[in-house]
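Please open your viewer and switch to a cartoon view. We will start with the whole chain and then select one piece after another.

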Amino acid sequence: MASTNKTDFSSDPRMTLNEQTGKWSYVGEEGVSYEYDENVGAWFPMYDEKLMQAQASVYAVEGVEETVEVKPKEKKKRAATYDVTDPEVQQKKLKREPPKKPVTSVYVTGIPPDATVEELKTTFSKCGVIMEDLETGEPKIKIYRDENGVSKGDALVSYFKEESVPLAVDLLDEAELRPGESSTKMNVQKAVFKEKEPVEKKKSTTGKLKAKKKIQQLQRKFDWVEEEGGKKQEKFSKIVILKNMYTQEELDTDPTLLLELKEDVREECEKLGEVTNVILYDKSPGGVISVRYKEKESADACIALMDKRFFGGRQISAEVFDGKTKYEKSGGKQTEEDEEAERLRLERYAKWLEEGGNDGDKTP
């Protein structure tokens, strides 16, 4: 099976690299496509309209129009048609099996003797949020040991969501816990539990409240991961960062360059789609300009067109905003040094205007 190490994706025939977005994806056994999110370090299912239609068609009934609204009929009281005291009826009731609990754990074998809980958490959390112990708050990862405390080479990893189990089996089975070390190849399977004898337990209100609180905490954590990999990532994917567009010396020499650059970049980038904002970060090194598009497809096209292109005699780079790097520009909270630099720039601009503002030497 495939390793979760990003450097190994290119050697895995199941993995596909999207040239425009730079993201890796693959199709699981159930036909669900997954995409690897570098910011979160985990795989997420990609739901699209075709997939939803394909799933819906499985449950479609021939001759039934799905769009027809069916109003619920009023229930009518009906007389019992069987005797509830009949031993045969009672026996059928006893044979009804209770609903099975969802399996949220995977059983892992082949782990090295010195493997730690933290090491397993780092690897397996890429497939979902790990469940936490209600008492200690530690991850629910159990490494089985003998009476002397020596690892037996197997472990149980419990997730918060049932959906993480098939993903972990698909990605981590036969993967190396420590990439590059063949002796750490693991076997990952869905855990199978034996039914325990029912034990009468005293009701504990405190225990229930503690469990409920812990579940709420994990749910918030899961929601945060979904948000990070979803809405925020979608917003960042529409912002293109252009670098090496200018030098600080050029900005100091030509006071009008700041406005001219923004207009030139907007005009060029609008050929690929609607641009909502262009910002020149003159307080950050590297000649940075950001371009925000209305649609992600336009941003992808901009990166494909602008990256490695030459602009003003320099080779520029174009990439999607990572959502983390902080860029600075004039107009924000300024220090005394910033204010002095701004004052000098305005003085040079005024002097340049007095000299006629021609296309000759613009140096004050």
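**A tour of the chain and one of its sheets**

Begin with everything shown: among contacts in the protein chain with a separation of 6 or more, 61% join residues 24 or more positions apart. Keep in mind that you are looking at a predicted model.

Now colour by secondary structure. The protein chain holds 9 helices and 14 strands. Of its 364 residues, 31% are buried.

Next, select β5, β6, β7 and β8. These 4 strands form an open sheet with antiparallel pairing, in the order β6-β7-β5-β8. Which strands stand at the edges? They are β6 (141-145) and β8 (187-190); each has a single partner strand, so one side of each is left without a neighbour in the sheet. Look along the sheet as well: on average, neighbouring strands are turned by 20° against each other, direction ignored.

Zoom in on residues 105-109, which are strand β5, and residues 151-158, which are strand β7. The two pair in the antiparallel sense over 5 bridges. Show the side chain of Y107, and you will find L156 of β7 standing opposite.

Finally, bring in two helices. Select residues 117-124 for helix α3, which lies across β5, β6, β7 and β8. Helix α3 runs at about 135° to β6. Then select residues 164-172: this is helix α4, lying across β5 and β8 and running at about 155° to β8.

Note on methods:
Residues are numbered from 1 along each chain as its sequence is written. This is a predicted model: local features need pLDDT of at least 70, side-chain atom pairs count only at pLDDT 80 or more; totals for chains, interfaces and linings use all residues. Side-chain values use heavy atoms; hydrogens and water are left out. Buried means under 20% relative accessible area, exposed over 50%, partly exposed in between (1.4 Å probe, protein chains only). Contact means heavy atoms within 4.5 Å. Two strands pair if DSSP finds at least two bridges between them. Axes are lines fitted to C-alpha atoms, for helices over the stretch in contact, and angles run from 0 to 180 degrees between N-to-C directions.
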